[in-house]
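User: I'd like to learn how to read a few features in a model. Can you walk me through it?

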Amino acid sequence: MKILYGMQQPDEGTIKINGEQVTFGNPGDAIARGIGMVHQHFMLADNLTVLENVVLGAEKLYGIGGKARTKIREISDAYGLGVRPDVLVEELGVADRQRVEILKVLYRGARTLILDEPTAVLVPQEVDALFDNLRELKAEGLTVIFISHKLGEVLSVADEITVIRRGTTVGTAEPRSTTSKQLAEMMVGSELPTPETEESTVTDAPMLTVDKLHLSQTDLDGVERVILDEISFTIHKGEVLGIAGVEGNGQSELVEAIMGMRDPDAGVVTLDGEDISHTPTRRRREAGVGYIPEDRHRHGLLLEAPLWENRILGHVTERPNSRGGLLDIKAARTDTERIVRDYDVRTPGIEVTAASLSGGNQQKLIVGREMSHDPKLLIAAHPTRGVDVGAQAAIWDHIRQARRAGLAVLLISADLDELIGLSDTLRVMYRGRLVADADPATITPEELGSAMTGAASGHLEHTEDDER
């Protein structure tokens, strides 16, 4: 996709648009030829309005005022995107941000849209709305390249399917005559893995207890906003507690408060019997907290640093990375080679930069790094977002294996099948509160999606928090 969008140059081969051979030196060339890309990691400036984000870099087209606003409304209405030009992007949920990204490329005249894992952050109802948008685009004569490892979605939305494995086209398929099982076998050479966990490993010993955690922050206009509203839960050794919620309902802040990146206004966080409510992040790490961050690029890796340096991140004071207060580079390199081997990180070596790896391999490196210190508690925020099915299965296996050995896991994910399949206990988070409990054995992704957006559901029990 990077080659099609001019971000990377091919060694050989040709690209034709409308029968004419083209070469792209940069994304500007691709845009000029009508190609637009919506990246897996959104490329929007939070502190700007929707209109400002859309016109940024394309000011020459329709200016930055009334004409641009009219054009945005025109495109939004034509494709049913429902975009509001004057809202700040930071106030939008992920589904709305995605529609802004789609509008941004249409505004630049795109006739071919590349969507990279567009449903990774959406609940089922939002996925349906996105597919309606895509069908609208298709009806208007636009071409859509839809990249996804969610096979049911591919089969429902695509007219034609191409399967790529390890950088090679392994086949094409007709959606009408192909099953998910057949597609999976083309993709990974075997049946598609599932996150289902058979046996229960939950013990009576509490590992993490969060009691009435409260956090508020003051907005730019001086209004105080409650981010976490007296959150309470316990995770036992050998238990996976899943938290479901549309992004932006306080999950990120909850993780940051447990990690020590935010200091709560009130409440107590206890790890294995020790109060760590105001303990520095490094001390929490040394005490046995592993962390897979939700954004691997911003919070998990130094993209321009080699893999062995990335192995040290977050564990600078711990063996094998250091000894007697000094970094032990040789031991860190040796251990990086072990992680690459054990976690099947596809790389030519440990000297290459993290940026040169695919998203799935970057994620496997992070999982390997965090599991290498035998954590007591693993905070896993979207652990398999945007990774291929092979890497997904490997990450699920490592989590299940560690859980059997007594690891406590706090799992936050937008993949509802993953949440339901891996979790022993499920809680729903809405507007900074834990509003309902769900039974992973009986709830469906659709019911969970409804609860996440504030609607009631039959398989849910409301918590005490919700009755306040």
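User: In which sense do strand β4 and β5 pair, and over how many bridges?

Analyst: Some background comes before that. This is a predicted model: local features need pLDDT of at least 70, side-chain atom pairs count only at pLDDT 80 or more, and totals for chains, interfaces and linings use all residues. Residues are numbered from 1 along each chain as its sequence is written, and side-chain values use heavy atoms, without hydrogens and water.
Strands of a sheet pair through backbone hydrogen bonds, either parallel or antiparallel. Strands are DSSP runs of E, at least two residues; helices are runs of H or I, at least four; both are numbered from the N terminus. Two strands pair if DSSP finds at least two bridges between them. Here β4 (residues 112-116) and β5 pair in the parallel sense, over 5 bridges. One example: L113 has V144 in β5 as its bridge partner.

User: What is the strand order of the open sheet?

Analyst: The order is β3-β4-β5, with parallel pairing. β3 (35-38) and β5 are the edge strands, each pairing on one side only.

User: How many aromatic pairs are there?

Analyst: Ring centres of Phe, Tyr and Trp (its six-membered ring) must lie within 6.5 Å; planes under 30 degrees apart are stacked, over 60 edge-to-face, the rest tilted. The count is 1 aromatic pair. F131 is in helix α6 (residues 124-139) and F146 in strand β5 (residues 143-147), so the pair ties together parts 15 residues apart in sequence.

User: Are F131 and F146 buried or exposed?

Analyst: Buried means under 20% relative accessible area, exposed over 50%, partly exposed in between (1.4 Å probe, protein chains only). Both F131 and F146 are buried.
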